[in-house]
Amino acid sequence: MGVKTGAIKQEAVPSGVDAGSRAARRAWRERLNNEASRKLLIGALAAFLGGSFWGFSGTAASALFDVYHVDTMWLMSVRQLLAGALFMIIILLFDRKRFVQLWTTPEHRRQQIIFTIFGLLANQFFYLSAVRLTNAGTATVLQCLQLVVIMGYTCVKGRRRPRKREIVGLMLAFAGTVLISTGGDLTRLSIPPLGLAMGLLTALGAALITILPVKILPVYGSTIVTGSAMFMSGILTSIFVQPWSNPPALDAGGLEMLAVFVLIGSFLAYLLYMQGVKNVGSMRAGLIGTVEPVSATVTSAILLGTAFAPTDIVGFVLIIAMMFLTV
């Protein structure tokens, strides 16, 4: 695709007013438009698949927790280490120079370490804890509240008041969270209090993933920043967890779920989604990525038989609507 695009850009625009020249210009515009359309289509499809695959990771984690009683820290350690290793292979093969530059620049290295510990590592721990204590759909939807945190941070940093649509989004997010956590009965919680707390902390961690690396992402790219953070966090957790010394008893089905969790729900999800961001832009990719909580909810219901009350579904819809208003 890249070769064809380059050929179109380098081709001289046909000139002249005769019928042949006009036809040549029309054919030139059609080729250019077709190329742009294909790029948008591929990008939208990549963002859709990436968001869907992220939803799969929550369902796979639920299966590993409920059926195989896998420890949260063990699963997080293995995920970060294996997915991070795959990213490192790509980085070292195709972008080694910038990777070395990141880790040899003191200020950037410090920002990378902060992002790794307080952003990516914290988010992964809180998310998996929320999945264990609630379910994949609920944990993923609560994570979407990150946009509320980002909105608040943006308003404080920019010294501005929230816009009307942001205020409406905030009200929808609050209403959706109340419905999910209480089931419509304000006198009790329908999910464990610790599960709700982990879900809200997941949203905070996800917001920090966006906020903390804002200065180094434009310099080094998301693959290097996120991939090296994954691998580094996997090494850090493995030092304490030592996943090789206490592996869970996984049969063929368990190993399949682990492969889905690491390869599809982490590695491929990220690669595809970022391709979508590259092709269609962060705004469109973010909107298309709202398929993630839908994917987690649907796959959790179909594959694991997770039951969702009508109030849960309404709460999910309200929070997804909030995302469209605040993105």
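Leaving aside neighbours within four places in sequence, which residues is Thr72 in contact with? Contact here means heavy atoms within 4.5 Å, and the partners of Thr72 are Phe65, Leu128, Ser129 and Arg132. Thr72 itself lies in helix H3, residues 72-94. Thr72 counts as buried because its relative accessibility is 9%, and buried means under 20% relative accessible area, with a 1.4 Å probe and protein chains only.

Before going on, keep in mind that this is a predicted model, where local features need pLDDT of at least 70 and side-chain atom pairs count only at pLDDT 80 or more, while totals for chains, interfaces and linings use all residues. Residues are numbered from 1 along each chain as its sequence is written, and side-chain values use heavy atoms, leaving out hydrogens and water.

Now zoom out. The protein chain has 15 helices and 0 strands; these are DSSP runs, with helices (H or I) at least four residues long and strands (E) at least two. Of its 327 residues, 45% are buried.

Next, look at a pair of helices. The axes of H5 (residues 106-133) and H9 (residues 193-211) come within 8 Å and cross at roughly 150°; axes are lines fitted to C-alpha atoms over the stretch in contact, with angles from 0 to 180 degrees between N-to-C directions. So H5 is roughly antiparallel to H9, a label for angles over 145 degrees. Where they meet, Phe115, Phe118 and Ser129 are among the H5 residues, and Leu194, Gly195 and Met198 are among those from H9. The residues of this contact divide into 13 nonpolar, 7 polar and no charged. Nonpolar covers Ala, Val, Leu, Ile, Met, Phe, Trp, Tyr, Cys and Pro, charged covers Asp, Glu, Lys and Arg, and the others, Gly among them, are polar.

Terms used. Buried means under 20% relative accessible area, exposed over 50%, partly exposed in between (1.4 Å probe, protein chains only). Angles under 35 degrees count as roughly parallel, over 145 as roughly antiparallel, 65 to 115 as roughly perpendicular and the rest as oblique.
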